[in-house]
Amino acid sequence: MRIYGDSISGNCLKVKWVAEHLRLPFEWIETSVLTGETRTPAFLAMNPAGQVPLIVLDDGRPLSQSNAIILYLAEGSALIPGDAFARAKMLEWMFWEQYSHEPYVAVARFQMLYLGKPREELEQRLVERGAQALARLETQLRQTPFLVGEQVTLADVALVAYTRVAHEGGFDLALYPAVKAWVGRTEAALGII
């Protein structure tokens, strides 16, 4: 299996982390979004959306979208709860991550870290909704050690990717002690450095 990913992207790293955690053999192909490597004809032939992460299976089939990829890779593993309701809760968090967390926390990070924008020049909506997302995580993580209870799941993988680097987008995790502790637990459970 080949994984095309950009190491600056939490969406790409979560695919790598799941593959490593499950000891799946893969070749990592560094594919920079900043230099346009996802817009080449060769890449667009594999993924017309021009986005990473992208995996190409041994039989040549491509699969994109980080959460779809990690669901595929983790099929049958302990990262996906066997109980139908717990699995649905995991998916609920994963859908929420792409709609209510990543568009704010990750975008603020990208604009500050890679575009050089000062925090005060970020769109206020990014700052407010990023803080709301972290507050939502804080509320849940005061109740359970992981997002779906006692065990790490793909929900934790999906959400730790950008939460662990939220400070690079100007968000202070010290304001969210349960989130900060969860980041440490999730990194330890997955072997993330």
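1. A helix here is a DSSP run of H or I at least four residues long, and the helices are numbered from the N terminus. By that rule, Leu 73 belongs to helix α3. Keep in mind throughout that this is a predicted model.

2. Start with α3. Its buried residues are Ser 66, Asn 67, Ile 69, Ile 70, Leu 73 and Ala 74. Just after α3 comes Gly 76, with a positive phi of about 85 degrees.

3. The cut-off for buried is under 20% relative accessible area. Leu 73 has 10% relative accessibility, so Leu 73 counts as buried. What does Leu 73 touch, not counting residues up to four places away in sequence? The list is Met 1, Val 15, Val 18, Ala 19, Leu 22, Leu 24 and Ile 55. Take Ala 19 from that list. Ala 19 and Leu 73 are 54 residues apart along the chain, yet 6.9 Å separates their C-alpha atoms.

4. Next, α5, which covers residues 124-141. The helix has 18 residues. From first C-alpha to last, α5 reaches 26 Å, close to the 26 Å expected at 1.5 Å a residue. Buried in α5 are Leu 126, Val 127, Gly 130, Ala 133, Leu 134, Leu 137, Glu 138, Gln 140 and Leu 141. Down the axis of α5, these buried residues fall within an arc of 170 degrees, so they line one face of the helix. Their packing partners are α4 (84-113), α6 (154-163) and α7 (177-190).

5. Now α7. This helix has 14 residues and reaches 20 Å between its first and last C-alpha, close to the 20 Å expected. Ala 178, Val 179, Trp 182, Val 183, Thr 186, Glu 187 and Leu 190 are the buried residues of α7. Seen along the axis of α7, they sit within an arc of 165 degrees, so they too line one face of their helix. On the other side of α7, Pro 177 and Ala 188 are exposed. The buried residues of α7 pack against α1, α5 and α6. Gly 191 follows α7 and has a positive phi, near 75 degrees.

6. Ala 178 is buried, at 13% relative accessibility. Ala 178 touches Glu 138, Leu 141, Arg 142 and Arg 185, leaving out residues up to four places away in sequence. Glu 138 and Leu 141 are among the buried residues of α5. The C-alpha atoms of Ala 178 and Leu 141 are 5.6 Å apart, although the two residues are 37 apart in sequence.

7. Check Arg 109. This arginine is placed in helix α4. Is Arg 109 buried or exposed? At 9% relative accessibility, Arg 109 counts as buried. Beyond its neighbours within four places in sequence, Arg 109 contacts Ile 8, Tyr 114, Tyr 162, Val 165, Glu 168 and Gly 169.

8. The largest pocket has a volume of about 500 Å³. Its lining numbers 19 residues, and Ser 9, Asn 11, Val 52, Glu 102 and Tyr 162 lie nearest the centre. One of these, Tyr 162, is also a contact of Arg 109. Helix α4 gives the most to the lining, with six residues. By type, the lining divides into nine nonpolar, eight polar and two charged residues.

9. Finally, the backbone. Most residues other than glycine have a negative phi, and most peptide bonds are trans. A cis peptide bond joins Val 52 and Pro 53, with omega about 10 degrees. Pro 53 is in the loop between α2 (41-46) and β3 (54-56). Val 52 is one of the residues nearest the centre of the largest pocket.

10. Arg 23 has phi near 55 degrees and is found in the loop between α1 (10-21) and β2 (27-30). Arg 23 is exposed, at 74% relative accessible area. Gln 65 has phi near 75 degrees and lies in the loop between β4 (62-64) and α3 (66-74). Gln 65 is partly exposed, at 41%.

Definitions and conventions. Residues are numbered from 1 along each chain as its sequence is written. This is a predicted model: local features need pLDDT of at least 70, side-chain atom pairs count only at pLDDT 80 or more; totals for chains, interfaces and linings use all residues. Side-chain values use heavy atoms; hydrogens and water are left out. Helices (H or I, at least four residues) and strands (E, at least two) are DSSP runs, numbered from the N terminus. The expected span of a helix is 1.5 Å times one less than its number of residues. Buried means under 20% relative accessible area, exposed over 50%, partly exposed in between (1.4 Å probe, protein chains only). The arc is that of the directions from the helix axis to the C-beta atoms. Contact means heavy atoms within 4.5 Å. On a 1 Å grid over the protein atoms alone, a cavity is a set of points where a 1.4 Å probe fits but cannot get out, and a pocket is an open set with protein on both sides within 12 Å along at least five of seven lines; lining residues have an atom within 4 Å of a point. Grid points are joined across faces, edges and corners, and a volume is the space filled by probe spheres set on the points. Ala, Val, Leu, Ile, Met, Phe, Trp, Tyr, Cys and Pro count as nonpolar, Asp, Glu, Lys and Arg as charged, and the others, Gly among them, as polar.
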